Amino acid sequence: MSVELIIRLEELVDRLLSDRAELLRKNQSLVAERDRLAADRGRVHAELGELLAKLDRLEGRGA
């Protein structure tokens with residue numbers, strides 16, 4: 001194998017490793033955002049449940 005091919009392969013491996021590291025960083029960011037959104041959804045779900053329970057109580061009192 002020629003020196004030029006080895007150098008080219010090393011460059012390609014370096015680029016692939018850099019791309020992989022960047023994708024891992026982006027993935028971590030997306031996972032964190034997903035977790036925040038899931039927490040928000042859980043909070044909103046709980047608040048809506050409380051509101052629906054209050055509405056049920058108010059409808060029961062008004063009837």
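The legends below describe close-up views of a predicted model of a single chain.

**Figure 1. Overall view of the chain, whose secondary structure comes to one helix and zero strands.** The radius of gyration of the chain is 27 Å, well over the 11 Å that the globule rule gives for 63 residues, so the chain is more spread out than a compact globule. Taken along the principal axes, the box filled by the C-alpha atoms is roughly 90 × 10 × 10 Å. The helix, α1, covers residues 3–62. Buried residues account for 0% of the 63 residues in the chain, and the accessible surface comes to about 6,000 Å², with 61% of that area belonging to carbon and sulfur atoms.

**Figure 2. The nonpolar surface patch made by Met-1, Leu-5, Ile-6 and Leu-9.** The area of this patch is about 430 Å². One of its members, Ile-6, belongs to helix α1 and has a relative accessible area of 37%, so Ile-6 counts as partly exposed, a class that lies between the limits of 20% and 50%.

**Figure 3. The salt bridge between Arg-8 and Glu-11.** The structure holds four salt bridges, and in the one shown here the closest N and O atoms of Arg-8 and Glu-11 are 3.8 Å apart, a distance that falls within the 4 Å cut-off used for such a pair. Because Arg-8 and Glu-11 are three residues apart in helix α1, about one helical turn separates them. Both partners are partly exposed, Arg-8 with a relative accessible area of 45% and Glu-11 with a relative accessible area of 44%. Side chains of opposite charge can pair when their charged atoms come close.

**Figure 4. The salt bridge between Arg-25 and Glu-22.** The side chains of Arg-25 and Glu-22 meet with an N to O distance of 2.8 Å, and the two residues, both in helix α1, are three residues apart, which corresponds to about one turn of the helix. Arg-25 is partly exposed, its relative accessible area being 47%, and Glu-22, at 32% relative accessibility, is likewise counted as partly exposed.

**Figure 5. The salt bridge between Arg-34 and Asp-35.** In this view the side chains of Arg-34 and Asp-35 meet at 2.9 Å, taken from N to O. The relative accessible area of Arg-34 is 52%, so Arg-34 is classed as exposed, for which the value must be over 50%. Asp-35, with a relative accessible area of 41%, is instead partly exposed.

**Figure 6. Leu-12 and its separation from Glu-33 and Gly-60 along the chain.** Leu-12 lies in helix α1 and is partly exposed, with a relative accessible area of 29%. Between the C-alpha atoms of Leu-12 and Glu-33, which are 21 residues apart along the chain, the separation is 31 Å. Between the C-alpha atoms of Leu-12 and Gly-60, which are 48 residues apart along the chain, the separation is 70 Å. Gly-60 is also found in helix α1, and with a relative accessible area of 51% Gly-60 is exposed.

**Figure 7. Leu-24 and its separation from Asp-14.** Leu-24 is part of helix α1 and, at 40% relative accessibility, counts as partly exposed. Leu-24 and Asp-14 are 10 residues apart in sequence, and their C-alpha atoms are 15 Å apart in space.

Methods: Residues are numbered from 1 along each chain as its sequence is written. This is a predicted model: local features need pLDDT of at least 70, side-chain atom pairs count only at pLDDT 80 or more; totals for chains, interfaces and linings use all residues. Side-chain values use heavy atoms; hydrogens and water are left out. Patches are made of residues with over 30% relative accessible area and no salt bridge: like charges are joined within 9 Å, nonpolar side chains (Val, Leu, Ile, Met, Phe, Trp, Tyr) within 5 Å. Accessible areas come from the Shrake-Rupley method with a 1.4 Å probe; for residues, only the protein chains shown count as cover. Helices (H or I, at least four residues) and strands (E, at least two) are DSSP runs, numbered from the N terminus. Buried means under 20% relative accessible area, exposed over 50%, partly exposed in between (1.4 Å probe, protein chains only). The radius of gyration is taken over C-alpha atoms; the globule rule is 2.2 Å times the number of residues to the power 0.38.
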